[in-house]
Amino acid sequence: MDLAPPDRDPVRAEEGDDQDMAVFARDIDTVGAARRWLAAFLHRHQLPEAQRQDAELVISELVTNALRHGLGDVVVRTSLADGDLLQVSVTDSGPELPALQPVDVGRIGGIGLRIVDRLASEWGVAPFPGGKTVWAVIVSGSG
Amino acid sequence: MIATWSVEQLADGTSRVIVTGEVDLAVEEPFVAEVDSVAAARDGGGAVVLDLGGVTFLDSSGVRALIRLRQRHGERLRLGELSAPVRRVLEITGLLQPFGAE
């Protein structure tokens, strides 16, 4: 079986030297599209392979959470500071704030955030009136 | 890119589902449905082995798919080959041992 949807373009995208942003529509294919969008940034900055893989996993989890639990368009941002301090963030318009759950093998919810917690050197949630941003920092070799 | 799969029926009654590509939210539902139908076709008999050696990316949606399938099909559902990205995510989520992977 071949699902092979056309790759989804962002609704809007802006590219800076050390930071990019893009807006994606709410769509099941947005997880892969955001991952490939981030991969282009990581490639441009020639970050180490392990850090790239971690970052692609983290953004997939954050976008997946925004699609499963959030509302509205999904805004993704990434920036690089000090050469290797990589930050990614995902903003949506939903009021529900993610929180780490106790480990319970077999429970279906909360797996994505546990992965983020393991891969990110720090992460957090910034609520604002009308939505929230979930951000994570992925340093080289933080895994 | 996004995951594709094929199914092999072995002489001993085992069904082998060979998956390649990326497993995320877009793949979870169709993949669970496919493995369900493979398991149903053998009507209670024969192992269903998921060969994930060609999976280049797997996130929590892939993990959810595996948990859901395991809950439905129990020990009939087994993991075959695992690529490095799959193994890593199963380790992080504590599922490598529960799934009986080595």
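This is a predicted model: local features need pLDDT of at least 70, side-chain atom pairs count only at pLDDT 80 or more; totals for chains, interfaces and linings use all residues.

Colleague: How much area is buried between chain B and chain A?

Modeller: The size of an interface is often given as the accessible area lost when the parts come together. Here 29 residues of chain B are in contact with 30 residues of chain A, and carbon and sulfur atoms give 64% of the area buried between the two chains. In chain B, Leu25(B), Arg64(B) and Ile92(B) lose the most area to chain A, together 25% of what that side buries. The area buried between the chains is about 2,500 Å².

Colleague: Which residue of chain B meets the side chain of Asp54(A) in a salt bridge?

Modeller: Between chain B and chain A the count is five salt bridges. In the one that involves Asp54(A), the N to O distance is 2.7 Å, and the partner is Arg88(B).

Colleague: Which element gives the most to the side of chain B that touches chain A?

Modeller: Strands E1 and E3 and helices H1, H2 and H3 of chain B each supply at least two residues of that side, whose residues divide into 16 nonpolar, six polar and seven charged. The element that gives the most, with seven residues, is H2(B).

Colleague: What distance separates the end C-alpha atoms of helix H1 of chain A?

Modeller: Helix H1 of chain A has 15 residues, residues 30-44, and at 1.5 Å a residue these should span 21 Å. The distance in the model agrees with that expectation, because the end C-alpha atoms are apart by 21 Å.

Note on methods. Residues are numbered from 1 along each chain as its sequence is written. Chains are lettered from A and ligands numbered from 1 in the order in which they are written. Side-chain values use heavy atoms; hydrogens and water are left out. Contact means heavy atoms within 4.5 Å. Buried area is the accessible area (1.4 Å probe) that two parts lose on being put together, summed over both. A salt bridge is a side-chain nitrogen of Lys or Arg within 4 Å of a carboxyl oxygen of Asp or Glu. Helices (H or I, at least four residues) and strands (E, at least two) are DSSP runs, numbered from the N terminus. Ala, Val, Leu, Ile, Met, Phe, Trp, Tyr, Cys and Pro count as nonpolar, Asp, Glu, Lys and Arg as charged, and the others, Gly among them, as polar. The expected span of a helix is 1.5 Å times one less than its number of residues.
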